[in-house]
Amino acid sequence: PRLYRTAWAVLHDADEADDVAQDALVRAVTRRFLFLGHGSVAGWMTRIALNLAKNRLRDARRRRQILDDALPMERVARGATPGAPTDADDVAADAQARRRLLAAVGALPERQREVVQLHVTAGLDFGDVAESLGISEANARMTFSNARKKLLAALGPQRSEEP
């Protein structure tokens, strides 16, 4: 109860205070070796609950700041705001396109597959890709270009959407 009251005094939210009190209790039990014997155990545990509650407030402020500064599409991607409703056919088409792309990447020669994965999936620039694979940057760029041509040929022409 003491831990809950401490957390509630900071957070003013019953569910959050419950979580903090439980976290504080778990932390005190699992890290009891850190209690040096100065003061009381109750005071030590209360300080843990107080610190955890302050951390929750700080983290919530940071999350709000990040979301306030985010573009609308970033908010949707982070799950902060609902996106446009998705049509089941669109989801199925996206899944099918993703499977085709993964199969086409899997069919590339090993070096081309590695370059594509490092550049596209991992987001590395060509200099970092080259360093990772022990090749020159020009070689990494050429390998990527050849892989891109093969992927475009394997996936076929893009469908253009009519207005």
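Q: In which crossing, left-handed or right-handed, does α2 pass α3?
A: This is a predicted model, in which local features need pLDDT of at least 70 and side-chain atom pairs count only at pLDDT 80 or more, while totals for chains, interfaces and linings use all residues. Residues are numbered from 1 along each chain as its sequence is written, and side-chain values use heavy atoms, with hydrogens and water left out. A crossing counts as left-handed if the near helix is turned anticlockwise from the far one by less than a right angle, and as right-handed if clockwise. For α2 passing α3, the crossing is right-handed.

Q: How are α2 and α3 oriented to each other, and why?
A: Helices here are DSSP runs (H or I, at least four residues), as strands are (E, at least two), numbered from the N terminus. The axes, which are lines fitted to C-alpha atoms, for helices over the stretch in contact, with angles running from 0 to 180 degrees between N-to-C directions, come within 9 Å and cross at roughly 130° for helix α2 (residues 14-30) and α3. Angles under 35 degrees count as roughly parallel, over 145 as roughly antiparallel, 65 to 115 as roughly perpendicular and the rest as oblique. The two helices α2 and α3 are therefore oblique.

Q: Is Ala 49 buried or exposed?
A: Ala 49 has its place in helix α3, where it touches Leu 3, Thr 6, Val 20 and Ala 24, not counting residues up to four places away in sequence. Buried means under 20% relative accessible area, exposed over 50% and partly exposed in between (1.4 Å probe, protein chains only). Because its relative accessibility is 0%, Ala 49 counts as buried.

Q: Which residues is Thr 46 in contact with, leaving aside its neighbours within four places in sequence?
A: Thr 46 is also placed in helix α3, and with a relative accessible area of 16% it is buried. Its C-alpha atom is 9.5 Å in space from that of Arg 5, although Thr 46 and Arg 5 are 41 residues apart in sequence. The residues in contact with Thr 46 are Arg 2, Leu 3 and Thr 6.

Q: What is the relative accessible area of Thr 143?
A: Thr 143 lies in helix α8, and, leaving aside its neighbours within four places in sequence, it is in contact with Arg 111, Gln 112 and Val 115. Thr 143 is buried, and its relative accessible area is 8%.

Q: How many nonpolar, polar and charged residues does the contact of α7 with α8 have?
A: The axes of helix α7 (residues 126-133) and helix α8 (residues 137-155) come within 8 Å and cross at roughly 105°. In this contact Phe 126, Gly 127, Val 129 and Ala 130 in α7 meet Glu 137, Ala 140, Arg 141 and Phe 144 in α8. By class, the contact has five nonpolar, one polar and two charged residues.

Q: Which element of the chain has the lowest mean pLDDT?
A: The pLDDT is the predictor's confidence in each residue, from 0 to 100, and the chain has a mean of 86, with 91% of its residues reaching 70 or more. Where pLDDT is low, the predicted coordinates should not be read in detail. Among the elements of the chain, α2 has the highest mean pLDDT (94), and the lowest (76) belongs to helix α4.

Terms used: Contact means heavy atoms within 4.5 Å. Ala, Val, Leu, Ile, Met, Phe, Trp, Tyr, Cys and Pro count as nonpolar, Asp, Glu, Lys and Arg as charged, and the others, Gly among them, as polar.
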